[in-house]
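Here's a quick briefing on how one fold is put together. Have a look at the model first, then we'll walk through a few spots.

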Amino acid sequence: MSLKIKASERQTILHKLVGVLRKKYGRSEPQTQRPVFESLLFAACLEDAQTSAAEAALQRLRDGFYDLNEIRVSSISQIERYLTGLSNPPWRALRIRDALHTVFETHYKFDLEHLKRKTHEQALKELSALRHSSFFMRMYVLQHCLGAHVLPLDASSLSLLKWLGLVEPEATQESAAEELKTSVRKSDAGLLCHLLREFACDPAFAPRLHLSAQDRKSGVDPHEAVERLTALLASGGVRKRETVKGTGRGAAVTKTHKKPAARPAARRGRTNATAATVKKKLTKKPAVPPRKRR
């Protein structure tokens, strides 16, 4: 459970969170002008990933094939080879190929610019016709290409919001986006979603964003969200770990270095005396045997 707060209180908290995250991940959202259909493909790469990794993956995909039609007729395994560095490449490859197939079979070209002339409801209905399109992909296109007031939340961003106590632990991406929309101005929605995703997908912090059993039972106070985030940033995230050999499971434990315990004084004295005796024997010149008379 999480504690209930007013929309105005949540708006203040989100504003403060943005201020903290801007210091680490930049003061603005990357501005890129992409056609609608290319934005859809980019969203398939961007979901649960940082922007730089998604842009690199999309560029590798475009460079690896002659054109979009070659990608359309390629296998999932051929496409996923260019999506390395992103989580779950096969699923992303399926979404990309499905989008290529559906749009080409419907319009005989890879173009969705006509969505800009439709209402948001009509555009959403057409995007939902893509069998494997995700909630994030559809909302991303609506926000960045059609100017809709929506929040494209992915699973990683949702985990962060739950960890901060800003949404219920049982919330879905759809319900969380609808709930938060009343606390976020349209002009701020893009930057907020960008910063949440950058932090939630940061390898240094992502493993720490899971609710503990105690948090689920007692709830997370959303008024402490800024302090929780600031403390995690200050900690540097995941500690360095080493693999324990011989466990059969490759379990990881935190590496620590202990200082050897000091020896008792009496024992040190005996040890030093023994060492001195051995040194004296080794340095003593051997006796020369007497010469025999002729």
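Let's start with Leu158, which counts as buried because its relative accessibility is 8%, buried being under 20% relative accessible area with a 1.4 Å probe and protein chains only. Keep in mind that this is a predicted model, where local features need pLDDT of at least 70, side-chain atom pairs count only at pLDDT 80 or more, and totals for chains, interfaces and linings use all residues. Numbering runs from 1 along each chain as its sequence is written, and side-chain values use heavy atoms, with hydrogens and water left out.

**Around Leu158**
- Leu158 sits in helix α9, residues 155–163 (helices are DSSP runs of H or I, at least four residues, numbered from the N terminus).
- Beyond four places in sequence, Leu158 contacts Val167, Ala171, Thr172, Gln173 and Ala176, contact meaning heavy atoms within 4.5 Å.
- Ala176 is 18 residues from Leu158 in sequence, yet their C-alpha atoms are 7.5 Å apart.

**Helices α1 and α13**
- Helix α1 (residues 7–25) packs on α13 (residues 225–235) at about 15°, axes 9 Å apart; axes are lines fitted to C-alpha atoms over the stretch in contact, and angles run from 0 to 180 degrees between N-to-C directions.
- That angle makes the pair roughly parallel (under 35 degrees).
- On the α1 side, the contact uses Ile13, Lys16, Leu17, Val20, Leu21 and Lys24, while α13 brings Ala225, Val226, Leu229, Thr230 and Leu233.

**Phe199**
- Leaving out residues up to four places away in sequence, Phe199 touches Leu21, Tyr25, Leu160, Phe205, Leu209, Leu229, Leu232 and Leu233.

Technical notes:
Helix = DSSP H or I, 4+ residues; strand = E, 2+ residues; numbered from the N terminus. Parallel < 35°, antiparallel > 145°, perpendicular 65-115°, else oblique. Buried < 20%, exposed > 50% of the residue type's maximum accessible area, 1.4 Å probe, protein only.
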